[in-house]
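Biologist: Before we discuss individual residues, may we have the sequence and the model in view? I should like to reason from them step by step.

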Amino acid sequence: MSDSNATKNALAASMKKLMRQRPFEKISVSDICNDCGINRKSFYYHFRDKYDLVNWIFYVGFIGGMDVANYENGWDFLSDVLHYFYSEREFYHAALQIEGQNSLRDYLVETMTPVIEFFLRDILSHNKDDDFYLTFILDAFLTSLVRWLSGEYQQTMDADTYLAKIRDVILKMASVVA
């Protein structure tokens, strides 16, 4: 592993550790650097800010290793996303609470928009309201994702159960709209 990757991974591990201990807004770049013994200059060499670090964790952990050609449909992709989030649910629950410019939520919207468009292409007949449906489903998904990761739903669900419920809701909505 290159020194650059080792440094980034050390910073990521520190960020995950610190986010288990306190809210994101209470974590400074200095806290992250002190925790892993890396200086601030090194942090800023690799990341613009702590938001960038959180987004990098998601990118490297999931998006960077993904090969779109391996997915037959959007459901398979969404299954992998949910399994990944579930395996790191404590971190992602905290990360999705972060608000502001460059937040993981904003990054996730950017990343998931093509996937939701893929769902709509397969489920809905195209019309002038496609942008509205896309935004609505994406907003609903993100809100539901945060609730699921926090354990707010009455029944505890693993990734497969949660995906089945999402699929059921989307297909029922599509049958009404179509």
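Modeller: Let us begin with a definition: a residue is buried under 20% relative accessible area, exposed over 50%, and partly exposed in between. Please keep in mind that this is a predicted model.

Biologist: How does F136 count by relative accessibility: buried, partly exposed or exposed?

Modeller: The relative accessibility of F136 is 45%.

Biologist: Is F132 buried or exposed?

Modeller: The relative accessible area of F132 is 53%. The class above 50% is the exposed one. F132 is therefore exposed.

Biologist: What is the angle between the ring planes of W148 and Y162?

Modeller: The ring centres of W148 and Y162 are 4.3 Å apart, and the pair is stacked because of the angle between the planes, which is 5 degrees.
This pair links distant parts of the chain, with W148 in helix α8 and Y162 in helix α9 (residues 159-177), 14 residues apart.
W148 is buried, with a relative accessible area of 6%, and Y162 is buried at 2%. To return to the angle asked for, the planes are at 5 degrees.

Biologist: Which residues do ring pairs link into a cluster?

Modeller: The structure holds 16 aromatic pairs. Ring pairs join six residues into a cluster: F58, Y84, F85, F91, Y92 and Y107.

Biologist: Which residue lies over the face of F91?

Modeller: F91 belongs to the cluster linked by ring pairs. At 5.7 Å from the centre of the F91 ring, and over its face, lies K16.

Biologist: Is F24 buried or exposed?

Modeller: F24 lies in the loop between α1 (3-21) and α2 (29-36). Beyond residues up to four places away in sequence, F24 touches M15, M19, K50, Y51, V54 and I98. The relative accessibility of F24 is 6%, and the limit for the buried class is 20%. F24 therefore counts as buried.

Biologist: Within what arc do the buried residues of α2 fall, seen down the axis of the helix?

Modeller: The buried residues of α2 are V29, I32 and C33. Seen down the axis of α2, they line one face of the helix because they fall within an arc of 95 degrees. These buried residues pack against α1, α3 (40-46) and α4.

Biologist: How far apart are the end C-alpha atoms of helix α4?

Modeller: Helix α4 comprises twelve residues, 50-61, and at 1.5 Å a residue it should span 16 Å. The model agrees with this expectation, because the end C-alpha atoms of α4 are separated by 16 Å.

Biologist: Which backbone oxygen does the side chain of T113 reach?

Modeller: T113 lies in helix α7, residues 104-123. Leaving aside neighbours within four places in sequence, T113 is in contact with L134 and L138. At 2.5 Å, the side chain of T113 reaches the backbone oxygen of V109.

Note on methods. Residues numbered from 1 in each chain as written. Predicted model: local features only at pLDDT ≥ 70, side-chain atom pairs only at ≥ 80, totals over all residues. Heavy atoms only, no water. Helix = DSSP H or I, 4+ residues; strand = E, 2+ residues; numbered from the N terminus. Polar contact = N/O pair within 3.5 Å; in protein donor to acceptor, adjacent residues only side chain to side chain. Contact = heavy atoms within 4.5 Å. Phe/Tyr/Trp six-rings, centres within 6.5 Å; stacked < 30°, edge-to-face > 60°. Buried < 20%, exposed > 50% of the residue type's maximum accessible area, 1.4 Å probe, protein only. Lys NZ or Arg CZ within 6 Å of the ring centre and 35° of its normal. Expected span 1.5 Å × (residues − 1). Arc of directions from axis to C-beta.
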